[in-house]
Amino acid sequence: MTTRVLVAHPQLADSTSQQFFKASLPKTGVIWEHLDAQPALDVAREQAQLRQADRIILQFPLYWYAAPASLKQWEDTVLTRTFVYGDHRYPLAGKEVGVVVTTGMPAKAFQRGGAEGLTLDAALAPLAAVAQRAKMTWLPTFAVHQFSYLTEPQKLQLVIDYQRYLTQTQPDTLANRQAWFAQRLPEMVQQLPAAQRPTGELITTTFDQQRDALEELADTLAMIKETEDD
């Protein structure tokens with residue numbers, strides 16, 4: 001699977017959250033693009049890259065309940081009516097599209113009755129509408145609230161969650177999580193310092209054992225259900 005991450009941020013070098021995300025990117029399968037760094041958009045190139053991607057991620061900070069201007073410019077320039085649906089070919093149909101959004105307010109502020117007065121889903125509704133028009137699959141939003149207040153353990157968890165959001169098969173079921181970790185754990189262990197690899201290998205072995213046990217339990221439950229249905 002190929003994932004394309006389109007980052008809209010006018011001051012990327014000064015953003016601790018965006019630099020964190022950039023450093024957390026998986027080694028393979030992800031193409032990262034900073035929209036603000038481009039003096040002019042090559043429409044044909046952008047559209048060709050969208051055709052080649054399986055999953056498209058729009059990543060940005062929330063500015064006054066919307067994405068930064070560079071993303072809107074990209075939409076207006078690249079997502080032309082003819083390209084998206086005008087010729088009735090729908091080249092983006094079936095592709096997944098998701099949003100990674102950072103906010104300066106806590107999550108509770110975006111609940112009904114919260115300080116912001118609207119939910120994130122409401123703020124992102126125009127993007128979801130574009131995805132629907134293009135016959136794309138809209139993924140659940142990946143929101144990071146008040147990044148600067150996260151603890152180190154929370155940031156470590158964020159690395160894993162972010163990588164899963166970019167590369168894991170959807171929907172986010174237990175089975176898909178297990179498959180993702182089974183594929184990624186050996187790679188993660190190899191990236192550890194030599195002194196820590198034995199611990200990483202032990203974690204991998206334990207994970208495999210637990211996964212086998214869960215599969216056996218699932219088979220047993222399925223058999224019990226079949227018996228009850230009979």
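Reader: On the other side of α2, which residues are exposed?
Author: Good place to start, and keep in mind that this is a predicted model. Helix α2 covers residues 43–52, and its buried residues are Glu46, Gln47, Gln49 and Leu50. They cover an arc of only 160° around the axis, which puts them on the same side of α2. On the other side of the helix, the exposed residues are Ala44 and Gln52.

Reader: Are α2 and α3 roughly parallel or roughly perpendicular to each other?
Author: Look at the two axes, which come within 10 Å and cross at roughly 95°. Angles of 65 to 115 degrees count as roughly perpendicular. α2 and α3 are therefore roughly perpendicular.

Reader: How many residues of the contact of α2 with α3 are nonpolar, polar and charged?
Author: From α2 come Val43, Glu46, Gln47 and Leu50, and they meet Trp74, Thr77 and Val78 of α3. Sorting these residues by type gives four nonpolar, two polar and one charged.

Reader: Why does Thr3 count as buried?
Author: Thr3 is found in strand β1. Buried means under 20% relative accessible area. Thr3 counts as buried because its relative accessibility is 0%.

Reader: How many Å apart in space are Thr3 and Ala53, C-alpha to C-alpha?
Author: Along the sequence, Thr3 and Ala53 are 50 residues apart. In space, the C-alpha to C-alpha distance between Thr3 and Ala53 is 5.7 Å.

Reader: Which residue has the backbone oxygen that the side chain of Thr3 reaches?
Author: Leaving aside neighbours within four places in sequence, Thr3 is in contact with Gly29, Val30, Ile31, Arg55, Ile57 and Leu166. One of these contacts involves a backbone oxygen, which the side chain of Thr3 reaches at 2.6 Å. That oxygen belongs to Leu166.

Reader: Which residue has a side chain joined to that of Ser70 by a polar contact?
Author: Ser70 is found in helix α3 and, at 12% relative accessibility, counts as buried. Leaving aside neighbours within four places in sequence, Ser70 is in contact with Ala8, His9, Leu35 and Asp36. The polar contact spans 2.9 Å, and the side chain at its other end is that of Asp36.

Reader: Is Phe21 buried or exposed?
Author: Phe21 lies in helix α1, residues 16–23. Leaving aside neighbours within four places in sequence, Phe21 is in contact with Gln59, Val100, Thr102, Val144, Leu158 and Tyr162. At 0% relative accessibility, Phe21 counts as buried.

Reader: What separates the C-alpha atoms of Phe21 and Gln163?
Author: Along the chain, Phe21 and Gln163 are 142 residues apart. Between their C-alpha atoms, the separation is 9.2 Å.

Definitions and conventions. Residues are numbered from 1 along each chain as its sequence is written. This is a predicted model: local features need pLDDT of at least 70, side-chain atom pairs count only at pLDDT 80 or more; totals for chains, interfaces and linings use all residues. Side-chain values use heavy atoms; hydrogens and water are left out. Buried means under 20% relative accessible area, exposed over 50%, partly exposed in between (1.4 Å probe, protein chains only). Helices (H or I, at least four residues) and strands (E, at least two) are DSSP runs, numbered from the N terminus. The arc is that of the directions from the helix axis to the C-beta atoms. Contact means heavy atoms within 4.5 Å. A polar contact is a pair of N or O atoms within 3.5 Å; within protein, one must be able to donate a hydrogen and the other to accept it, and residues adjacent in sequence count only if both atoms are side-chain atoms. Axes are lines fitted to C-alpha atoms, for helices over the stretch in contact, and angles run from 0 to 180 degrees between N-to-C directions. Angles under 35 degrees count as roughly parallel, over 145 as roughly antiparallel, 65 to 115 as roughly perpendicular and the rest as oblique. Ala, Val, Leu, Ile, Met, Phe, Trp, Tyr, Cys and Pro count as nonpolar, Asp, Glu, Lys and Arg as charged, and the others, Gly among them, as polar.
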